[in-house]
Amino acid sequence: MSVQTREPIIRTENIKHTYSSGTPFEFAALRGVDFEAYPGEYIGIIGRTGSGKSTFIQHLNGLLKPESGKIFVGGIDIHSSKEEPRRARFRVGLVFQFPEYQLFEETVYKDIAFGPKNMGLNDTEIDERVREAARFVNLGDDILERSPFDLSGGQRRRAAIAGVIAMRPEVLILDEPTAGLDPQGRDELLANIDAYHGERGATVIIVTHSMEEAARRAERICVFSNGKIVMNGTPTEVFREGDALAAMGLGVPKAALIATRLRALGVPLRDDIYTTEDIKDALIAIKNGGDGRAS
Amino acid sequence: MLRDITLGQYFPGNTVVHRLDPRTKLIMTVVYIVALFMAKGWLSYAFMACVLFGMIFASKIKLKTIAKSLKAIAIVIVFTAILNMFFTQGEVLFKLWILKITREGVLMAVKMTIRLVLLISGTFLLTYTTSPIALTDGIEALLNPLKKIRFPVHELAMMMSIALRMVPTLIEETDKIMSAQKARGADMETGSILHRARALIPILVPLFISAFRRADELAEAMESRCYHGGQGRTRMKTLGMKARDYIALLCGAGAIAVVVFANLLL
């Protein structure tokens, strides 16, 4: 995809943020971040706890105001007026960590409708969006009428994500969406996000600890360390820097690690292998007398 | 932001004031309050102000921090001052309809303001320099004699320390939930009072649910570590009075004496 020719949907200019400024608890969470996201991109943000990634994403929809620096959504500076941050929130949907703890309504339907209602839409439009969002996260009509507190953990998480998707944001940001889910729940949830990405052509930014998750779908990976983006590139480019990642307390996906070792042993493998499926397919291809370098 | 609230927060440090025994600090706070209410003339107020500044200086708490916490209760101070100004009988300075400002009223308002500012700054110094755990330990130790009349001292102290411990957690949680609902376009800053009250529901419901969940988890965690109240419980950190504590208490007694003396002078 030739993303460089298009206008970025999100652009940040040297944003800085310090928590509890002027007290003994002062902590510089962001020390100058330049970032761009283009329409339709799938971006993974990785970094250790405290590297500033959660603080960073809260700047992208105007929840936090940077100490210095600018944030543009669709070319508009989101702090140029008082109303602008709220408008940005409808364009940039942000799903927090453990979003199921934000559910409050009597029924799942009403909860998903909270966002669209705040946008001032009419009832038919709200209904359409709620059902569409529920479909994206695989919640059936029977569940929509139930109390969110009667659902299972995974269903509750998906209902909360639907609450953000229902606003039809052009950019969907998720902070560790799979934390605490079982492997099946995790795969289902990631598939739901992929569906929204594919069908709506939305930009997806996913914050994660898991290299596997970042490698799975992301076209670009940004690595945060000490409040800065220290690496920014395709998964191939980023995971090539295994030593640098390890120095930051991060790793590379296990499959990529195995592939590197196998390559060192002389097995001809292509260099964009990060998932178990990738390596399995490549090895089967070699076993069948093919070339492991072809994708 | 909510997390910038400094009311009753603890600022870690290693000054003499920080290292005093919590019991000493609690007693000193009571002494300070008593002395403040005994103060009548300007001289004694000036003396109390000096005491306060001395304590602030010794604890290395920034004046800015104290000013910030005063800002939070500015309304109470202003309200008290206005009430005193209008409703004290005496020589009339200014009259408008049934409202009149008296000379005594103005003096009273000024004194009340000084008294409140000194009172609040001084008592906040206690929580600024004492960790919540030390504070409840101190309270428990001071209330210990009440055990004889079967007053549940340990339980009270435990409840206090849990409550204090949960304050920052709940503030953080509220912050998080507010951010999450704002991200869905919740508008809490504009509209009528009714509208704003309604806008609190999406915050309060998740907050209550999570508070109950936390309480439940904490109870289970305590039970699984065999917590069974204060009976036969020993402490990791035992309180001990040092020379500096006795000196501080002597200074406290001295301060009261000075105030009594100053009242006689002016």
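**View 1. The interface of chain A and chain B in a predicted model.** In this predicted model, 27 residues of chain A are in contact with 24 residues of chain B, where contact means heavy atoms within 4.5 Å. Between them the two chains bury about 2,100 Å², with 63% of this area on carbon and sulfur atoms; buried area is the accessible area, taken with a 1.4 Å probe, that two parts lose on being put together, summed over both. Residues are numbered from 1 along each chain as its sequence is written, and chains are lettered from A in the order in which they are written. Local features need pLDDT of at least 70 and side-chain atom pairs count only at pLDDT 80 or more, while totals for chains, interfaces and linings use all residues, and side-chain values use heavy atoms, with hydrogens and water left out.

**View 2. The salt bridge between the chains, and the side of chain A around this interface.** The rule finds 1 salt bridge across the interface of chain A and chain B, a salt bridge being a side-chain nitrogen of Lys or Arg within 4 Å of a carboxyl oxygen of Asp or Glu. The side chains of A:D111 and B:R184 form this link, at 3.0 Å from N to O. On the side of chain A that touches chain B, at least two residues each come from α2 (84-91), α3 (108-118) and α6 (153-165) of chain A, and the largest share, 4 residues, is that of α3(A). Helices (H or I, at least four residues) and strands (E, at least two) are DSSP runs, numbered from the N terminus.

**View 3. Domain 1 of chain A against domain 2 of chain A.** Chain A is divided into domain 1 (1-95 + 171-182 + 201-252), domain 2 (99-168) and domain 3 (253-295), with bounds that come from an automatic or database domain assignment. The centres of domain 1 and domain 2 of chain A, taken over C-alpha atoms, are separated by 26 Å, and 13 residues of domain 1 are in contact with 10 residues of domain 2. About 840 Å² is buried between these two domains of chain A, carbon and sulfur atoms giving 71% of it. Of the area that domain 1 of chain A buries against domain 2 of chain A, A:F90, A:V95 and A:L181 supply 55%, more than any other three residues. The count of salt bridges between these two domains of chain A is 0, whereas 3 residue pairs are in polar contact there.

**View 4. An aromatic pair within chain A.** Over all chains the structure holds 9 aromatic pairs, counted where ring centres of Phe, Tyr and Trp (its six-membered ring) lie within 6.5 Å, with planes under 30 degrees apart taken as stacked, over 60 as edge-to-face and the rest as tilted. A:F35 and A:F56 form one that is edge-to-face, 5.1 Å centre to centre with 80° between the planes. This pair links distant parts of the chain, 21 residues apart, with A:F35 in strand β2 (residues 27-37) of chain A and A:F56 in helix α1 (residues 53-60) of chain A.

**View 5. A salt bridge within a helix of chain A.** A:R129 and A:E125 form a salt bridge whose closest N and O atoms are 3.4 Å apart. The two residues are separated by about one helical turn, because they are 4 residues apart in helix α4 (residues 123-136) of chain A.

Key. A polar contact is a pair of N or O atoms within 3.5 Å; within protein, one must be able to donate a hydrogen and the other to accept it, and residues adjacent in sequence count only if both atoms are side-chain atoms.
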